[in-house]
Amino acid sequence: MPVPYRIHSTRRLKRGSPGTTAPVACTIHGILKFDSAESPHLVYNELVSLRLAQSLKVPVADGVLTVSGDGLAYASLEVALPGMALPDALPSQFGVIAQDYPHESAGLLAFDILVGNFDRGRNLKASLVTPHIPLFCAFDHSHVLLNIQENPHDSIQALKSDNLLILSHPFFKRIPRKNLDIWIKRIARLDLDVLRDCCVYGKPFRSVSNELQHNLFVALSHRAKNLTNIVSAHQEVIFP
């Protein structure tokens with residue numbers, strides 16, 4: 001589903017020649033994120049997660065790379081509804097969200113198991129009061145992929161394992177197996193060249209070396225094919 005983003009301001013551009021469109025310049029609200037001691041590979045994680053989600057059609061907020069401070073930063077665009085505040089989802093709403101957005105909820109759960117996202121929590125927006133404008137969108141992927149463990153090498157080994165990696169999730173016990181299986185099969189069919197393009201950039205990306213990028217690709221390709229077995233081994237945690 002299309003996701004609207006919050007516009008901060010607009011300004012008119014000089015009128016173009018006859019017959020052309022009349023665009024208006026605008027600035028869009030975003031949340032700027034940087035690598036830090038707590039999350040040393042945050043920018044890389046966010047970009048890889050975005051590309052993976054887009055390749056799989058998982059509903060996550062768009063974002064862009066920008067330059068700030070000592071180098072590349074990540075700007076996550078702020079999701080919004082026209083003229084309405086849209087706070088992060090509350091735990092008391094998770095059940096209703098799963099009912100109103102069953103396909104999207106299953107996709108997000110499958111995606112979070114793939115990338116090892118133990119920090120989904122309330123990092124999710126869903127409209128429950130605008131049936132004419134459906135909106136479901138997740139955000140914040142700073143604690144996935146290379147930041148699952150204290151160092152990236154242990155994180156990659158964790159992704160290669162059969163461990164579920166997440167102890168809780170908004171949609172545990174709320175998604176039927178058949179709904180999740182649709183997404184598990186989609187992930188398993190993801191073309192390896194597409195997956196490689198999501199992870200590997202051909203040169204170091206801030207502190208993420210070429211070797212780390214390749215090793216992450218290998219780990220994710222293994223996890224994607226093994227996701228059915230991982231889910232089956234933890235079905236008592238995942239399913240109602």
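## Basis of the description

The model is predicted, with local features requiring pLDDT of at least 70 and side-chain atom pairs counted only at pLDDT 80 or more, whereas totals for chains, interfaces and linings use all residues. Residues are numbered from 1 along each chain as its sequence is written, and side-chain values use heavy atoms, with hydrogens and water left out.

## The sheet and its helix

Three strands form an open sheet in the order β3-β5-β4, with antiparallel pairing. Because β3 (30–33) and β4 (63–68) stand at the edges with a single partner strand each, one side of each has no neighbour in the sheet. From one strand to the next, the twist averages 35°. Helices (H or I, at least four residues) and strands (E, at least two) are DSSP runs numbered from the N terminus, and two strands pair if DSSP finds at least two bridges between them.

The antiparallel pairing of β3 with β5 (residues 71–77) extends over four bridges, and K33 stands opposite Y74 in β5. Helix α1 (residues 42–56) lies across β3, β4 and β5 and runs at about 45° to β5; axes are lines fitted to C-alpha atoms, for helices over the stretch in contact (heavy atoms within 4.5 Å), and angles run from 0 to 180 degrees between N-to-C directions.

## Positive phi in two loops

L145, in the loop between β7 (136–138) and α4 (152–160), has a phi near 55°, a positive value in a residue other than glycine. L145 is buried, with a relative accessible area of 0%, where buried means under 20%, exposed over 50% and partly exposed in between (1.4 Å probe, protein chains only).

K173, which is not a glycine either, has a positive phi of about 70°. K173 is found in the loop between α4 and α5 (177–188) and is partly exposed, at a relative accessible area of 45%.

## Aromatic contacts

The structure holds five aromatic pairs, defined for rings of Phe, Tyr and Trp (its six-membered ring) by centres within 6.5 Å, with planes under 30 degrees apart counted as stacked, over 60 as edge-to-face and the rest as tilted. One of these pairs joins Y44 and Y201 edge-to-face, at 6.0 Å centre to centre and 75° between the planes. Y44 lies in helix α1 and Y201 in the loop between α6 (192–199) and α7 (210–233), so the pair ties together parts that are 157 residues apart in sequence. Y44 is buried at 1% relative accessible area, while Y201 is partly exposed at 22%. Y44, Y201 and F205 form one aromatic cluster.
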